[in-house]
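Hi everyone, thanks for coming. Let me put the structure up on the screen, and then I'll walk you through a few parts of it.

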Amino acid sequence: MNTPALVLVITVGVLYGTGFYLLVQRSLMRVVLGILLLGHGSNLALLLTDGGAALPPLLGDAGEGRIADPLPHAMILTAIVITFGVTTFLLALAYRVWLGDENDEVPDDIEDRRIGALAEPEDSA
Amino acid sequence: MTVLVALPFLLPLLGAAVTLLISRWPRVQRAASLLTLAAVTANAGLLLAETADGTVISSQAGGWPAPLGITLVADPLSALLVLVSSVVLLIVLLYAIGQDVGGLSRGNPDVFHPVYLVLTAGVGLSFVAGDLFNLFVGFEVTLTASYALITQAPTRERTRASMIYTVVSLISSILFLTGIALVYAATGTVNMADIADRLATVPGDLRNVLGLFFLVVFGIKAAVVPMHFWLPDSYPIAITRISAIFAALLTKVAVYAIIRTQTLLFSRDDITDVLLVFAIVTMLVGILGALVQDDVNRVLSFALVSHIGYMIFGLGLVGVPGGHDDAGVAGLTGVIVYLVHHIVVQATLFLVAGLIRQYVGNTSLRSIRGLASVSPALALFFFLPAMSLAGLPPMSGFVAKLALFQAGLEQGGPLAYAGVAAGVATSVLTLIAIFRIWVRGFWGTPSQAIVAAQSALSSGTGRFGIRWMTATTGLMVATGIAVALLAGPLTEIGTVAARELISGEAYRTAVMSDSVVAP
C-alpha cells in the first residue's frame with residue numbers, strides 16, 4: 001500500500017485549522033465560509049483513505065490491486081452533493097438574517113443575559 | 001419479508017414526492033400524507049412483530065454482497081424505535097392538520113407535508129442503516145428536512161435561531177464524515193458488522209480515540225452536556241409541531257446512534273467511565289438550567305437535555321470493567337424503555353405548550369395564568385405527562401427510571417452510585433421545575449386577555465381547530481399511558497434487544513450472511 005501524499009495531509013490540516021478559525025468569527029458570512037472549508041477538509045480526509053498517492057482511479061493497464069479504492073470516491077461524491085445543497089441553504093439563511101437585521105453579526109445570547117439579570121437582584125438582596 | 005426493512009424510508013420518500021405533486025389540492029395532500037404515515041406505522045408494527053423475539057433481518061440494497069453493498073438491518077431495537085417514532089409522527093401530523101384546518105397555523109402546508117415525510121424517511125433510514133455511511137446519509141436527510149422545517153413561518157428570531165441550529169448540526173455532520181474517514185482508514189470498511197469484526201485487530205488506544213470521536217459527534221446531536229448549548233436556543237423558537245417532533249425524535253436518533261456505535265463497535269473499552277461522567281453532568285446541568293427559565297418551551301428544552309443524561313447513564317453501565325454483565329443488560333434495557341417513554345412524553349409536553357400558545361399567544365410564565373380554569377382538559381394533559389417526566393409511579397417514567405436505578409445499584413462502583421444519586425436528584429428537581437409551570441401557569445385566575453382569547457377561540461372559526469388539537473394531544477397522552485401499561489412486554493423486548501446489542505452475534509451473522517437470523 002502506498003503511503004498518503006504528505007501535501008494532502010498538510011492541506012487537510014490547514015483546511016480544518018482555517019475552517020474552525022472562521023467558525024468562531026462573528027460575521028455569519030465567515031461562518032459559512034468556515035463550514036465550506038471544513039467540508040472540503042473532510043472530503044480530502046476521505047480521499048486520503050483511498051489507498052495512497054499516484055494510484056489511477058480506473059483499472060486500465062495497471063492490473064489487479066494497483067488502482068485506487070473506489071469506495072471513498074463514491075462517498076466523497078455523496079458528501080459533496082450534501083455539502084453543496086446545505087451550503088446553498090446556509091447562504092440563503094444568512095441573507096435572510098441580513099435582510100432582517102441589516103447586519104450579519106452573531107449577537108450575544110440575549111436570553112442568557114436576561115436570566116443573568118434576573119439573578120442579580122436576589123444576590124444583592 | 002426483507003422488504004419490510006427498506007419500507008421505513010422508501011414509503012415516506014414516495015409519499016413526499018406524491019404530496020409535493022398534489023400540493024394544489026390541500027385535502028388530497030393531507031389524506032396522502034396521513035395514508036403514508038399510517039402505512040409506515042403499520043409496516044413498523046409488522047417489523048417489530050418479526051423481530052420481537054430477537055430475530056435480526058438484514059437486506060442488501062442493490063444486490064452487492066455484505067461488506068460492500070448498502071446494508072439495511074432491523075434488530076429488535078431498530079424495529080421498536082421505528083414503531084414508536086412513526087406513531088409519534090402520525091399523531092403530530094394529526095395535530096398539525098387540525099391546526100391547519102382550523103386556520104390557527106402560521107406554517108406553509110405546501111412545504112410542510114413533503115418535508116415532514118422526508119424527515120420521517122431520514123429517521124427511518126437512520127434506524128435501519130447497517131453501515132456508518134448510510135447512517136450519515138440518514139442523519140443528513142433528517143437534518144436537511146429539519147432545516148427546512150425550523151425555518152417555517154420565519155421571523156427575525158426564528159431565522160437567527162435556525163442559523164445556530166443549522167451551523168451546529170453541520171459541524172457535527174462534518175465531524176461525522178471525518179470520523180468515517182478515520183474508521184475507513186483504520187479498518188477498510190464502513191459496514192458496522194464488518195467494522196466490529198475488524199476493530200479487534202486495531203490497537204486499543206486507536207479504538208478508544210475513534211470511540212470518543214463518535215461520542216462527540218453524536219453527543220452534539222443528542223445535546224449531551226457540554227455540547228448542548230444550541231438546543232435550548234433553537235428548539236423553543238420553532239413552531240410547535242416542529243419543536244415537538246424535534247424534541248421527541250432528533251435527539252433520540254442520536255442517542256440510538258450512540259448506543260449502536262458504543263455497543264457494536266467500541267464495546268467494553270475504557271469509555272464507560274467517560275459515559276457515566278457525561279451522564280451525571282448532563283442530568284444535573286440540564287435540570288438546573290430548567291429551574292431558572294421562565295418560558296414553558298425553554299423549561300421543557302432544558303429538561304430534555306437533562307433527561308438525555310439518563311439514557312447515557314444506562315449505556316455507561318454496560319461493560320464497566322469488573323462489573324456484572326447482567327447489570328449491563330439491565331442498564332441497557334432501562335435505556336431502551338426510557339427512550340420509548342421519553343419520545344412520547346416529550347412530544348406530548350411540547351404539544352401542550354403549543355396549545356398554551358394558542359390560548360395566550362406566547363409561552364412565557366409571566367403571561368400565562370389560570371389555564372386550569374380556562375381549559376381543564378389542557379391542565380390534565382399537561383399534568384399526566386409531566387408527572388411521567390418526573391418519574392412518579394405509576395407512570396412510564398417511573399418504570400424506566402426504576403429499571404435504570406436498579407441496574408446502577410446492581411453494577412456498583414463509585415460512578416454508578418453517583419449516577420443513581422444524580423438521577424434521583426434530577427427527578428426531584430424535574431418535579432420542582434414542573435410545579436413552577438403548574439403553579440404559575442395553571443393555578444390562579446386567568447387574566448382578561450386569556451379569557452378573551454378563550455372565548456374568541458371557542459366561538460370563531462378556530463373552534464374546530466382547537467378541539468381537534470386538544471383531542472390529538474389527548475391521543476398522545478393516551479399513548480403515554482399505553483407505554484406505562486405495556487411496560488411488561490416493553491421490558492421483555494428491551495431485554496431481548498439489550499442482550500443482542502451486547503453480544504452483537506446475531507447482528508453480525510445476519511449482516512455478513514445476508515439472511516434472517518433467529519435467536
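Let's start with salt bridges: a search of the whole structure finds six of them over all chains. By salt bridge I mean a side-chain nitrogen of Lys or Arg within 4 Å of a carboxyl oxygen of Asp or Glu.

Before the details, some housekeeping. This is a predicted model, where local features need pLDDT of at least 70 and side-chain atom pairs count only at pLDDT 80 or more, while totals for chains, interfaces and linings use all residues. Residues are numbered from 1 along each chain as its sequence is written, chains are lettered from A and ligands numbered from 1 in the order in which they are written, and side-chain values use heavy atoms, with hydrogens and water left out.

One of the salt bridges joins B:Asp194 to B:Arg198, with the closest N and O atoms 3.2 Å apart. Both residues lie in helix H7 of chain B, four residues apart, which is about one turn of the helix. Helices here are DSSP runs (H or I, at least four residues; strands are E, at least two), numbered from the N terminus. Are these two partners buried or exposed? B:Asp194 is buried at 6% relative accessibility, while B:Arg198 is partly exposed at 34%. For those words, buried means under 20% relative accessible area, exposed means over 50%, and partly exposed is in between, with a 1.4 Å probe and protein chains only.

Next comes B:Asp197, whose salt bridge partner is B:Arg508, at 3.1 Å between the closest N and O atoms. B:Asp197 lies in helix H7 and B:Arg508 in helix H21 (residues 505-512), both of chain B, so this pair ties together parts that are 311 residues apart in sequence. B:Asp197 is partly exposed at 37%, and B:Arg508 is partly exposed at 22%.

A further salt bridge brings together the side chains of B:Arg366 and B:Asp294 (3.1 Å, N to O). Why does this pair tie together parts that are 72 residues apart in sequence? Because B:Arg366 lies in the loop between helices H13 (325-360) and H14 (371-374) of chain B, and B:Asp294 in the loop between H11 (271-292) and H12 of chain B. B:Arg366 is exposed, at 54%, but B:Asp294 is buried, at 5%.

The largest pocket holds about 1500 Å³ of space. Of the 46 residues lining the largest pocket, the closest to its centre are B:Glu157, B:Ala161, B:Ile164, B:Asp233 and B:Ile237. Which element gives the largest share of that lining? H6(B) does, with 10 residues. The lining divides into 21 nonpolar, eight polar and 17 charged residues. A pocket, on a 1 Å grid over the protein atoms alone, is an open set of points where a 1.4 Å probe fits, with protein on both sides within 12 Å along at least five of seven lines; lining residues have an atom within 4 Å of a point.

The second largest pocket has a volume of about 470 Å³. H3(A) gives the most to its lining, with five residues.

Finally, chain A. Its secondary structure comes to four helices and zero strands, and buried residues make up 34% of its 125 residues.

Notes. Grid points are joined across faces, edges and corners, and a volume is the space filled by probe spheres set on the points. Ala, Val, Leu, Ile, Met, Phe, Trp, Tyr, Cys and Pro count as nonpolar, Asp, Glu, Lys and Arg as charged, and the others, Gly among them, as polar.
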